[in-house]
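Hi,

Here is the structure I promised to pass on.

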Amino acid sequence: MTAQSTDHEATITTTSLREAVALQERPSRPSALSTTFTFGWRALLKIKHVPEQLFDVLVSPVIFTLMFTYLFGGALAGSTSAYIQFLLPGILVQTIIIVTVYTGYTLNTDITKGVFDRFRSLPIWRPAPIVGALLGDTVRYSIASVMCIGLGLILGFRPDGGVVGVLLGVLLLLVFAFSLSWIFTILGLLLRTPNAVMGVSMMVLMPLTFASNIFVDPSTMPAALQRFVDVNPVSHLVTAVRGLMAGQPDSGEIVWVLVASVVLTAVFGPITMRLYRTRH
């Protein structure tokens, strides 16, 4: 066989392959909404295939609620039934805020595995992978809320605000958690390993959650600590959620939480997307 005939056959084969894979019509580009929901569904599928991700969501509220109710309830409120009325909204807030760390953790995991670069090469709405992951994590927050409130009801929690008050409190908490997650996406983009994201995030969250009004009335604290608790955003969130569930909504605190959520998203959302576009 001559070299000329070999080149001719190679040309024919290449042409045939191009014709076989050629499309008559170019597929339309997916919308931003559909792409975002697709990545949200991906986040849920990751939970399905790796159920261990729900371990903290399911176990943490149980441990914290039982531990603080029965260890400190009698000493702080005179009885566990009285203390659970004060404690449960705060434990709910603490649980959800800690769970938001996993947004940055899972994003960093995608980066270390190379999935991140694949997403950036796709012809899709650029923020979709991050926004979709945040929406998927909202389901995680909802599961944690159901677990925490369900256990509280078993232990004697009786919200005077009824079902409506509880739902509004959870909804306000989910809005704030979504906006707070942008901070952890930034950490996920900046830090090198998932464990580093988890470690730094916990160093930030532990003082904010424990030095707040979640567990005790701030009036019993030293003056210097009271001043920190008063400006702590977690304290404002707990007060707002606690008021809604108790049937005594504090409109000032609710507005504060909503405004803070908008500010967090407006400030850290664009920073996240800039890092997402420019990260190498």
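Predicted model: local features only at pLDDT ≥ 70, side-chain atom pairs only at ≥ 80, totals over all residues.

Residues are numbered from 1 along each chain as its sequence is written, and side-chain values use heavy atoms, with hydrogens and water left out.

Let's start inside. A nonpolar core here is a set of buried Ala, Val, Leu, Ile, Met, Phe, Trp, Tyr and Cys residues joined through side-chain atoms within 4.5 Å; buried is under 20% relative accessible area, exposed over 50%, and partly exposed in between (1.4 Å probe, protein chains only). The largest such core has 50 residues, and Leu92, Val93, Leu237 and Met245 touch the most other members. Among the elements giving it two or more residues are H4 (80-99), H8 (162-190), H11 (233-245) and H12 (251-278). (Helices are DSSP runs of H or I, at least four residues, and strands are runs of E, at least two, numbered from the N terminus.) Another core, of 14 residues, lies apart and includes Leu107 and Trp182.

Which residues does leucine 237 touch, leaving aside its neighbours within four places in sequence? They are Val93, Ile97, Leu173, Phe176 and Val257, with contact meaning heavy atoms within 4.5 Å.

Leu237 is one of the buried residues of H11, a helix with 11 of its 13 residues buried. Those buried residues pack against H4, H7, H8, H9, H10 (223-231) and H12. From first C-alpha to last, H11 reaches 19 Å, close to the 18 Å expected at 1.5 Å a residue (that is, 1.5 Å times one less than the number of residues). After H11 comes glycine 247, with a positive phi near 80°.

Back in H4, you'll find glutamine 94. Glutamine 94 counts as buried because its relative accessibility is 0%. Beyond its neighbours within four places in sequence, its contacts are Phe64, Thr209, Phe210, Ile214 and Phe215.

Finally, the unreviewed UniProt entry lists "transmembrane region" at several stretches, including 54-77 and 254-276; such annotations may be inferred rather than shown by experiment. In the model, residues 54-77 are 96% helix, and residues 254-276 are 100% helix, with end C-alpha atoms 32 Å apart.

Cheers
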